[in-house]
Amino acid sequence: MAQVLVIGDDLTGSNATGALYARRGLRAVTVSDPAQVARYAHRVDVLVVNTASRHWPAARAYAAVRAVADTAGDAPLIVKRVDTTLRGNPGSELDAVADALAAPAPTARIRTLAVPAFPDAGRTTVGGLHLVDGVPLTRTAVARDPFDPVRHSRVAAVLGTQSRRTLGELPLDVVEQGPDAVAAALRASRAEVVVCDATENAHLRTVARAAAALAVEDGIRWLALDSGPFGAALAAELGIRPAVAPVRVLAVVGSVTDRTRDQLARTEAALGARWADLDPDRPDADRVLDALRAAAAEGATVLGVRVLPAGPRAAGAVPDPSAAAGILRCLAEVARRAVDELSPGGLYASGGDVAAAVTAALGADGFAIDSEVLPLAIAGRLVGGAHDGLLFATKGGLIGGPDAARDCLEHLRAAGTRTALTP
């Protein structure tokens, strides 16, 4: 069986959720015919099954989801994907999955984390209330949905009208205290379903980290009810990795701005990226390469070199162009030697001068453009030379928000690990 089984209630949401797992290097496939589960279950990391049950009567939706959940087998993680605005049958479908998990193991400790927040899409949960761009559900258009009007803003109330499970809430102030506080609160709660507040991606990771700890310490099997990102975060914290190891991605970053440092810090938290520091006053390619080799030997799949901020200059001193050129030459040499030695499946360069120097050092003729990851961040492949076809992405040093570098690196890793399914 796949490592993760996601059960969605509509096709677009199912596909979007599958994409979140694919960004982490997991092979994900969406099917809409339950008969296809057996065909693909052992060939992918994440199987997303769309039951198309959002607008069905609750009993029919329960039966459809239960039939899929009964195929879960030994999948380490089951996720009930719900609409980002809680339309449809989230409570009934939650019960269907929970009942299926309990049937073969009635004494197992099965609990549900309901974390419907999708911060990147403006969906947050505060004080148990689910908000769209800061507005409670009952004051948004979903309250007037012609098929499934949402009549409650409180997540527990939405679920409680349909589910037989006991419900509790985990407030934001506890989440912000960190994984240990969340784990203690979850351990103290007797609720079968705990609705967790979250307003940013860091909150999702905090809850996921606490849940993963309790899975080991208390033997709890968690069922996730979410709109996409929490399930992916929980899979990562549970140690779910691609059956085929993700390709290694190498990054070369020359910018020393605060924005760049913030972006690289996000890659450490989200991707486990390992960065070797280049001293701008004494650029030493051998020292950087030693650090990259060590990170690779320890299993890092996202690794790179970054430039430390320069030391303080005397008042009135003018920047030395030759020093900047020396740093650029060192970065290009590191890239050339690291590509030859570490054989990355993808290469990321931040800064126009860095991208040009790296391209030249690798003997490439140019760059074949495939897509735009985000404005002014382009992905494609090197053209010509010994590394023709190597996945390559570039971004300006001052471009993008806090997650821009993460998005580029995730794009390269997913593109490199994507494997065509054979019949």
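pLDDT is the predictor's confidence in each residue, on a scale from 0 to 100, and a contact denotes heavy atoms within 4.5 Å. This is a predicted model, in which local features need pLDDT of at least 70 and side-chain atom pairs count only at pLDDT 80 or more, whereas totals for chains, interfaces and linings use all residues. Residues are numbered from 1 along each chain as its sequence is written, and side-chain values use heavy atoms, with hydrogens and water left out.

The protein chain has an average pLDDT of 92, and 95% of the residues score at least 70.

| Segment | pLDDT | Contacts beyond four places in sequence |
|---|---|---|
| residues 313-318 | under 50 | one contact |
| residues 419-423 | under 50 | eight contacts |

Helices (H or I, at least four residues) and strands (E, at least two) are DSSP runs, numbered from the N terminus. Ala 61, Val 65, Val 68 and Ala 69 of helix 3 are buried, that is, under 20% relative accessible area with a 1.4 Å probe and protein chains only (exposed: over 50%; partly exposed: in between). These residues lie on the same side of helix 3, because they cover an arc of only 95° around the axis, taken from the directions from the helix axis to the C-beta atoms. The buried residues of helix 3 pack against strand 1 (4-8), strand 3 (46-50), strand 4 (77-81) and helix 4 (90-102).

Asp 10 is located in the loop between strand 1 and helix 1 (11-22). Its relative accessibility is 18%, so Asp 10 counts as buried. Leaving aside residues up to four places away in sequence, Asp 10 touches Asn 50, Arg 54 and Arg 81.
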